[in-house]
Amino acid sequence: MDAPTPRLTSLAHGGGCGCKLDPGILRGLLSAQPAAGPFERLLVGNETADDAAVWALDDGTCLIATTDFFTPMVDDPHDFGRIAATNAISDVYAMGGRPLLALAILGMPVGRIAPEIVAEILKGGAGLCAEAGIPVAGGHSIDTPEPIYGLAVIGTARREHVRRNGDARAGDALILTKGIGVGIYSAAIKRDGLPEGGYAEFVATTTLLNRVGPDLATDADVHAMTDVTGFGLLGHGLEIARASGRRLVIEAGAVPLLTHATALARDGFVTGASNRNWAAFGADVALPESFPDWRRHLLTDPQTSGGLLVSCAAGRAAAIRDRIRAAGYPLAAIVGRVETGPAGLTVEA
């Protein structure tokens, strides 16, 4: 009699962007690396923890390159492939670019997972790439202790449309395009605690392409963008603050949330990454007095394939938010503002 097929999530110690390195450790590792060098065509490297590298070509076009991969946060292999692909492509959109092609990154525990399961992961990723209008043109695979899947993605943008995370301006408004709570839902999935309808909502938000990014980048009043992933809203907000030399203010009550995120956070469905995030950057965040832990967990919750955090001219913020909603992101909301330094982040209740 064949042994039962193990759950995908049981084969991994973490899942999705929640398995990213501790942000404090990552900053230390990157600071110890040599500078990329005097390459005048390298417009964006790793100096400001931006979403992708950007290289200027001769004709005013820029090449955008990124890679992203992780372990499963769901047991359905097709859904895992789709979520991982959406998340990887997002980095190109967050820079204001349009994707051209992808290469698959695959690591599977040979002998512990059936080939047909692996095929479904690849099929899910390829199908999502087709929705984005790009091919999976190749890739690489290895035998690993845990399942890993993701993509390297190449895209392009006109130089004037590239949007860095370091160009937020004092007086800007901040818009978030998707609801928060993906990590909390993932924790509930692992513990069989997600309410009815929650899984469909989870898959819908994590497979919603951030294709509005390059459209926003054609607007001169959109100054900076990043996507919110494993370091949570506060962590990626801090990256904008540090890169821009500004102070971000997040209005906690304005942050859009997935339907069950508040109740699940109150019940303790949080990830280890949420605590690691806070330990790594909490010293640079000013919280309101008596701010409850469950609310903080919402703001440090690791997002897999999260939304875009957009810094734009305050006078046009409502119109830009409405434009984002009309493009298919109904939870898009104005969640804060940008102020003069020192670089850091303040949370208002």
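## Overall build

The model is predicted. Its chain holds 11 helices and 13 strands. The radius of gyration is 19 Å, close to the 20 Å that the globule rule gives for 349 residues, so the chain is as compact as a globular protein of that length. The C-alpha trace spans about 65 × 55 × 45 Å along its principal axes.

Contacts tell us how the chain folds back on itself. Take the contacts with a separation of 6 or more: 86% of them join residues 24 or more positions apart.

## Inside and surface

Of the 349 residues, 53% are buried. The accessible surface comes to about 14,300 Å². Carbon and sulfur atoms account for 55% of that surface.

## Charges

The chain carries 29 positive side chains and 38 negative ones. The centres of the two sets lie 4 Å apart.

Some of these charges pair up. The count comes to 15 salt bridges.

## A pair in helix H10

Arginine 296 and aspartate 293 form a salt bridge through their side chains, with 3.6 Å from N to O. Both sit in helix H10, which runs over residues 293-300. They are three residues apart, so about one helical turn separates them.

How accessible are the two partners? Arginine 296 is buried, at 10% relative accessible area, because buried means under 20%. Aspartate 293 has 48% relative accessibility and counts as partly exposed. The cut-off for exposed is over 50%.

## Two partly exposed pairs

Aspartate 167 meets arginine 164 in a salt bridge, and the N to O distance is 3.9 Å. A salt bridge must fall within 4 Å, so this pair counts. Aspartate 167 is partly exposed, with a relative accessible area of 32%. Arginine 164 is partly exposed too, at 28%.

The side chains of arginine 337 and glutamate 339 also meet in a salt bridge. Here the N to O distance is 2.9 Å. Glutamate 339 has a relative accessible area of 32%, which makes it partly exposed. Arginine 337 is partly exposed at 26%.

Key. Residues are numbered from 1 along each chain as its sequence is written. This is a predicted model: local features need pLDDT of at least 70, side-chain atom pairs count only at pLDDT 80 or more; totals for chains, interfaces and linings use all residues. Side-chain values use heavy atoms; hydrogens and water are left out. Buried means under 20% relative accessible area, exposed over 50%, partly exposed in between (1.4 Å probe, protein chains only). Helices (H or I, at least four residues) and strands (E, at least two) are DSSP runs, numbered from the N terminus. The radius of gyration is taken over C-alpha atoms; the globule rule is 2.2 Å times the number of residues to the power 0.38. Contact means heavy atoms within 4.5 Å. Accessible areas come from the Shrake-Rupley method with a 1.4 Å probe; for residues, only the protein chains shown count as cover. Lys and Arg count as positive and Asp and Glu as negative; His and the chain ends are not counted. The place of a charge is taken as NZ of Lys, CZ of Arg, CG of Asp or CD of Glu.
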